[in-house]
Amino acid sequence: MGLIELFFIAVGLSMDAFAVSICKGLACREQNLRHNLLAGLYFGGFQGLMPAVGWLLGVRFSAAITSIDHWIAFVLLCFIGGSMIRESRSGEDEEEMDASFRPKEMLTMAVATSIDALAVGVSFAFLGMGQGEILSAAGLIAATTFVFSAVGVSVGSVFGSRFKSKAELCGGVILILIGLKILLEHLGILG
């Protein structure tokens, strides 16, 4: 998997954290650099940790299912992407976001927004990614999410909630397209 593909996966995965960061920015009466850094550290840290954990889990099972690993990666990425698209189109107002940046609230949101990164980590294992590659991928995902989350707090405090659903939609489409590319490459349709 190339750097460009990994970057697009990182962007797709960071969209949930970006959307939550926008909501956190909306809820803040006054935004400061500390809020941006906290959002970036929590969301970026967990988005980087979860693919590594998923990869460790996937490595244990990858030998047993190598003949269908590309289908598993495709299904996981499409499922995650479809969920993100569905959330962006739900039209439901989510409950009001708490303006708190306390560890308990941030930890809960960071774990919730990084579950999809765990599944992507499993996909990486099925695609035969090595230990060095997963560390690089996890670092790129963490850094990308850090930037998007830190910026998201500012975007939320300035522009409001109109970008939240667009961010989720964009992230979902990116993940589905990458899943499709993986499948087509393994089937020999794309060179």
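In these legends, contact means heavy atoms within 4.5 Å. This is a predicted model, in which local features need pLDDT of at least 70 and side-chain atom pairs count only at pLDDT 80 or more, while totals for chains, interfaces and linings use all residues. Residues are numbered from 1 along each chain as its sequence is written, and side-chain values use heavy atoms, with hydrogens and water left out.

**View 1. Val 120 and its partners.** Setting aside neighbours within four places in sequence, Val 120 is in contact with Ile 9, Leu 13, Leu 77 and Ile 80. Val 120 also belongs to the largest nonpolar core, where Leu 13, Val 120, Phe 124 and Met 129 touch the most other members out of 29 residues. A nonpolar core here is a set of buried Ala, Val, Leu, Ile, Met, Phe, Trp, Tyr and Cys residues joined through side-chain atoms within 4.5 Å. Each of helix 1, helix 2 (33-62), helix 3 (69-89), helix 4, helix 5 (131-159) and helix 6 (164-186) supplies at least two residues of this core. Helix 1 gives the most, with eight residues. A second, separate core of 13 residues includes Ala 17, Val 20, Phe 46 and Phe 101.

**View 2. The whole chain.** The protein chain has six helices and zero strands, in the pattern α-α-α-α-α-α along the sequence. Helices (H or I, at least four residues) and strands (E, at least two) are DSSP runs, numbered from the N terminus. Of the 191 residues, 48% are buried; buried means under 20% relative accessible area, exposed over 50%, and partly exposed in between (1.4 Å probe, protein chains only). Among contacts with a separation of 6 or more, 93% join residues 24 or more positions apart.

**View 3. Helix 1 against helix 4.** Helix 1 (residues 3-27) and helix 4 (residues 103-126) pack at about 165 degrees, with their axes 11 Å apart. That makes helix 1 roughly antiparallel to helix 4. Angles under 35 degrees count as roughly parallel, over 145 as roughly antiparallel, 65 to 115 as roughly perpendicular and the rest as oblique. Axes are lines fitted to C-alpha atoms, for helices over the stretch in contact, and angles run from 0 to 180 degrees between N-to-C directions. Helix 1 passes helix 4 in a right-handed crossing, meaning that the near helix is turned clockwise from the far one by less than a right angle. On the helix 1 side, the contact is made by Leu 6, Ile 9, Leu 13, Asp 16, Ala 17, Val 20 and Lys 24; helix 4 brings Met 106, Met 109, Thr 113, Asp 116, Ala 117, Val 120 and Phe 124. These residues divide into ten nonpolar, one polar and three charged. Ala, Val, Leu, Ile, Met, Phe, Trp, Tyr, Cys and Pro count as nonpolar, Asp, Glu, Lys and Arg as charged, and the others, Gly among them, as polar.

**View 4. Helix 1 beside helix 5.** The axes of helix 1 and helix 5 come within 7 Å and cross at roughly 30 degrees, so the two helices are roughly parallel to each other. This crossing is right-handed. The contact residues divide into 17 nonpolar, nine polar and no charged.

View 5. Ser 21 lies in helix 1 and is buried, with a relative accessible area of 0%. Leaving aside neighbours within four places in sequence, Ser 21 is in contact with Ala 39, Phe 43, Ser 149, Gly 152 and Val 153. Ala 19 is found in helix 1 and is buried, with a relative accessible area of 0%. The C-alpha atoms of Ala 19 and Phe 148 are separated by 9.2 Å, with the two residues 129 apart along the chain.
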